[in-house]
Amino acid sequence: MITLKNVSKTYQTRQGRNRVLNNVNMTINPGEKVGILGRNGAGKSTLIRLLSGAEMPTTGSIQRSMKVSWPLALAGGFQGTLTGYDNLRFICRVYGVEYEPLVPFIQEFTELGKYLREPVKSYSSGMTSRLAFAISMAVEFDCYLIDEILAVGDSRFTARCHEELFIKRKERSFVMVSHQPGAIREHCETVYVLHNGSLKKFSDIDAAYQVYLEQQHETAATH
């Protein structure tokens, strides 16, 4: 289970302090598929970083009794001067996982060939994303964090990502943040709408989508 209690997140900007999340409460149960709708800039990625532990809340608390992934396909944690292979070894060491059994899966899934032994800084963005997603699948988690719907290659590779995450790991929890309601409707059973720093929970996805659309129209009208 993951529990957020009165979580707020504030950033210092040139225009002053900007509160992105305001006293947010949320519970994610084992096996639960959670979607979060919100416009661009609403704080969805901030929430995902807080859930992963990459950032700490300004106030409030986050308790985790499940093993939580980093945001899937996130490549920012790679060391560019290290090879893909050495990045795999380093990440496995951090998570206490033996890397040797994972190498065949990484080689087959990424299709990087000889580039797995080349520095990551020489990779294209697509190659880097494929490596990041493959490592995300190789290191098993109880809850996966998905920052926007995954698009890390051509349609064939995207289909393989879908199978690994949504079919082979269908018993796991995940949190998907998006401003695309179609993705939320397809994969999620519980939905939150993030607006003006607050989260509102819905069990009816269509009702959540309607509120989201109304908020979009209100935002457009004020601009």
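Residues are numbered from 1 along each chain as its sequence is written, and side-chain values use heavy atoms, leaving out hydrogens and water. As this is a predicted model, local features need pLDDT of at least 70 and side-chain atom pairs count only at pLDDT 80 or more, while totals for chains, interfaces and linings use all residues. Helices (H or I, at least four residues) and strands (E, at least two) are DSSP runs, numbered from the N terminus.

Let's start with the sheet. Three strands make an open, antiparallel sheet in the order β2-β1-β4; strands pair if DSSP finds at least two bridges between them. At the edges are β2 (16–28) and β4 (59–64), each with a single partner strand, so one side of each has no neighbour in the sheet. From one strand to the next, the twist averages 25°; angles here run from 0 to 180 degrees between N-to-C directions, with axes as lines fitted to C-alpha atoms, for helices over the stretch in contact. Strand β1 (residues 2–13) is joined to β4 by five bridges, and I2 has R64 as its bridge partner in β4. Packed on this sheet is helix α1 (residues 44–52), touching β1, β2 and β4, with its direction at about 125° to that of β1.

Next, two helices. α3 (residues 103–110) and α5 (residues 155–167) pack at about 140°, their axes 11 Å apart. F105, E108 and F109 of α3 meet F157, R160, C161 and E164 of α5, where contact means heavy atoms within 4.5 Å.

The whole structure holds nine aromatic pairs: rings of Phe, Tyr and Trp (its six-membered ring) with centres within 6.5 Å, stacked if the planes are under 30 degrees apart, edge-to-face if over 60, and tilted otherwise. W70 and F141 have ring centres 5.1 Å apart and planes at 85°, so they are edge-to-face. W70 sits in strand β5 (residues 68–71) and F141 in the loop between α4 (125–138) and β6 (143–147), so the pair ties together parts 71 residues apart in sequence.

Is F141 buried or exposed? F141 is buried, at 1% relative accessible area; buried means under 20%, exposed over 50%, partly exposed in between (1.4 Å probe, protein chains only). Ring pairs also link W70, Y95, F141 and Y144 into a cluster.
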